[in-house]
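Let's walk through this one together, question by question. Have the viewer open and follow along.

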Amino acid sequence: MRRIGLISFFLFSFFWNSYSQEDVIEETVATPEVHIKWEKTFKDAIEKANNEDKPILIYFTGSDWCGPCIQLDENLFHTKKFEEFSNENLVLYMANFPRNKDLVTPENAKINEELQKKYKQTSFPTILFINTKGEVLERKNGKYMTEYYYPFFQKVVAQNK
């Protein structure tokens, strides 16, 4: 009986520590003053990238159903740090695949599906960097801790200057 009690205690401690560490790492830092400039259409993103000589970040998301996408949106894309970095270095396009079809125009839904096929995107969230010719520069599938994205972003920007 003592043995079961000890095993239960260690299992409880292990799981408790696992979850509490995750909560500390994934602190929400979103602020209401942040305004990220996602281009309205993919065509607009290409034009802006050509004019400003910047790479395009395509964010494949299920904005109203994908839990990791929602967390990434809050913890990365809605931060002052990302706003400042993206304004200076990137052109942004969100390829959204929501369950609520009213969240995306029919034209954008069609383009998003074409982009999904072209770039063989199969998981959410996916961050894809392309140049203005449509060539893939880098890709990151899945959600990672927020601090892992900035070295990835900086690497892409540095390689394309």
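**Cores, sheet and loops**

Of the 23 residues in the largest nonpolar core, the ones that touch the most other members are L57, I127, F129 and F153. A nonpolar core here is a set of buried Ala, Val, Leu, Ile, Met, Phe, Trp, Tyr and Cys residues joined through side-chain atoms within 4.5 Å; buried means under 20% relative accessible area, exposed over 50%, and partly exposed in between (1.4 Å probe, protein chains only). This is a predicted model, in which local features need pLDDT of at least 70 and side-chain atom pairs count only at pLDDT 80 or more, while totals for chains, interfaces and linings use all residues. Residues are numbered from 1 along each chain as its sequence is written, and side-chain values use heavy atoms, with hydrogens and water left out.

Q: Why do the buried residues of α6 lie on the same side of the helix?
A: The buried residues of α6 (residues 149–159) are Y149, Y150, F152, F153, V156 and V157. They share one side of α6 because the arc they cover around the axis, taken from the directions from the helix axis to the C-beta atoms, is only 160 degrees.

Q: What covers the buried residues of α6?
A: Part of the cover comes from helices, including α3 (67–77) and α4 (80–89). Strands take part too, among them β1 (56–61), β3 (126–130) and β4 (136–141).

Q: How do α4 and α6 run, roughly parallel or roughly antiparallel?
A: Their axes are 12 Å apart and the packing angle is about 10 degrees; axes are lines fitted to C-alpha atoms, for helices over the stretch in contact, and angles run from 0 to 180 degrees between N-to-C directions. Angles under 35 degrees count as roughly parallel, over 145 as roughly antiparallel, 65 to 115 as roughly perpendicular and the rest as oblique. That makes the pair α4 and α6 roughly parallel.

Q: Which residues of α6 make the contact with α4?
A: Contact means heavy atoms within 4.5 Å. On the α4 side, K81, F82, F85 and N89 take part. Their counterparts on α6 are Y150, F153, Q154 and V157.

Q: Which strands stand at the edges of the sheet?
A: Two strands pair if DSSP finds at least two bridges between them. Four strands form an open sheet with mixed pairing, in the order β2-β1-β3-β4. Two of them have a single partner strand each, so one side of each is left without a neighbour in the sheet: β2 (91–96) and β4.

Q: What is the bridge partner of I130 in β4?
A: β3 and β4 also pair in the antiparallel sense, over five bridges. Their hairpin has five residues between the strands, and G134 takes a positive phi near 90 degrees there. In β4, the partner of I130 is V136.

Q: Is N96 buried or exposed?
A: N96 is found in strand β2. Beyond its neighbours within four places in sequence, N96 is in contact with T61, G62, S63, V104 and N112. With a relative accessible area of 9%, N96 is buried.

Q: What separates the C-alpha atoms of R99 and S63?
A: R99 lies in the loop between β2 and α5 (106–118), and at 62% relative accessibility R99 counts as exposed. Leaving aside neighbours within four places in sequence, R99 is in contact with D64 and W65. S63 is 36 residues from R99 along the chain, and their C-alpha atoms are separated by 8.4 Å.

Q: Which residues does a cis peptide bond join?
A: The place of P125 is in the loop between α5 and β3. Omega is about -10 degrees for the cis bond, which joins F124 and P125.

Conventions
Helix = DSSP H or I, 4+ residues; strand = E, 2+ residues; numbered from the N terminus.
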